Amino acid sequence: MKLKYIFLSLLAIVKFSACSDDDNIDTTKPEIEIVTPDDDEHFHPGDTFELRAILTDNEELASWKVDIHHNSDGHTHSQVIRLKHGGEHSHEEEEWHFHKEGSIESGTKQYVLILEIEIPHDAEHGDYHLGIYVTDKAGNENKAFITFEVEDDHHEHHD
Ligand SMILES: [Zn+2]
């Protein structure tokens, strides 16, 4: 109880002293708008699609991360805003997994993320999750998920 009280007063001091120059700490999460692909879009192994997302922050963006994984177990990702990562996976098979991340030039409030993503020829068919994670300068993280399907191609072209 006593410790908690001390901690609270410390917080108050920090807050007061910070008031002079930088009056509020950024607690607003960045926003993610996935433009392409559409949710539930269908692809074939070997296809290339364009991932396009508009990332916006009220202050300053810091970094992004893209994660694509197979959804063989029908799991879902909570869209509830939380700091910790959602979706811990225990996929056992060798499935297509795509991971890429990058940093965003400082001072950027809006960033258009464009990635050409090629689905491997031997990608396992089924539902995939595509997740985008964005972090701002103050450490606020947000994420957005869509689902797409890689379907069997019965009329393969051999060029
Ligand atoms: Zn998932």
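Colleague: What pattern does the chain follow, read along the sequence?

Modeller: Reading along the sequence, you get α-β-β-β-β-β-β-β-β. That is one helix and eight strands in the chain. Keep in mind that this is a predicted model.

Colleague: Fine. What share of the residues is buried?

Modeller: Buried residues account for 34% of the 159 in the chain. As for the surface, the accessible area of the chain is about 10,600 Å², and carbon and sulfur atoms hold 50% of that.

Colleague: And the contacts? How much comes from residues 24 or more positions apart?

Modeller: If you take the contacts with a separation of 6 or more, 75% of them are between residues 24 or more positions apart.

Colleague: OK, on to the metal. Which residues are the protein donors of the zinc ion?

Modeller: Four histidines: H69, H75 and H77 each use NE2, while H129 uses ND1. Those atoms sit 1.9 to 2.2 Å from the zinc ion.

Colleague: What's the arrangement of the donor atoms, and why?

Modeller: The arrangement is tetrahedral, because the four donor atoms subtend angles of 94 to 121° around the zinc ion. The cut-off for that label is all angles between 85 and 135 degrees.

Colleague: How are the donors spaced along the chain?

Modeller: The spacing is H-x5-H-x1-H-x51-H.

Colleague: Is H77 buried or exposed? And H129, buried or exposed?

Modeller: H77 has a relative accessible area of 11%, so it counts as buried. H129 is at 5%, so that one is buried too.

Colleague: You mentioned β4. How many of its residues are buried?

Modeller: Eight of 10, so to speak of the strand as a whole, β4 (residues 61-70) is mostly covered.

Colleague: Which strands does β4 pair with?

Modeller: One is β7 (residues 126-136), antiparallel over nine bridges. Another is β5 (residues 97-103), antiparallel over seven bridges. To find these pairings in the viewer, look for L61 bridging to D136 in β7, and for I68 bridging to F98 in β5.

Colleague: What about E60, where is that?

Modeller: E60 is in the loop between β3 and β4. With 17% relative accessibility, E60 counts as buried, because the cut-off is under 20%.

Colleague: What does E60 touch?

Modeller: Leaving out residues up to four places away in sequence, E60 touches S106, G107, T108, D136 and K137. D136 is also the bridge partner of L61.

Colleague: How many bridges do β3 and β6 have?

Modeller: Nine, in the antiparallel sense, with β3 covering residues 48-56. T56 has Q110 as its bridge partner in β6.

Colleague: Which residues is A53 in contact with?

Modeller: A53 lies in strand β3. Setting aside neighbours within four places in sequence, A53 contacts E33, I34, V35, Y111, V112, L113 and I132. A53 is buried, with a relative accessible area of 0%. Also, the C-alpha atoms of A53 and I32 are 6.7 Å apart, although 21 residues separate the two along the chain.

Colleague: Last topic, backbone geometry. Where is the cis peptide bond?

Modeller: The cis bond joins T36 and P37, with omega about -5°. P37 is in the loop between β1 and β2 (41-43).

Colleague: And what's phi for D40?

Modeller: Phi of D40 is near 70°, which is positive in a residue other than glycine. D40 is in the loop between β1 and β2 as well, and at 53% relative accessibility it counts as exposed.

How values were computed
Residues are numbered from 1 along each chain as its sequence is written. This is a predicted model: local features need pLDDT of at least 70, side-chain atom pairs count only at pLDDT 80 or more; totals for chains, interfaces and linings use all residues. Side-chain values use heavy atoms; hydrogens and water are left out. Buried means under 20% relative accessible area, exposed over 50%, partly exposed in between (1.4 Å probe, protein chains only). Helices (H or I, at least four residues) and strands (E, at least two) are DSSP runs, numbered from the N terminus. Two strands pair if DSSP finds at least two bridges between them. Contact means heavy atoms within 4.5 Å. Accessible areas come from the Shrake-Rupley method with a 1.4 Å probe; for residues, only the protein chains shown count as cover. Donors are N, O and S atoms within 2.8 Å of the metal (3.2 Å for Na, K and Ca); water is not among the atoms, so sites may look incomplete. Four donors count as tetrahedral if all angles lie between 85 and 135 degrees; four count as square planar and six as octahedral if opposite donors are over 155 degrees apart and all others between 65 and 115; anything else is irregular.
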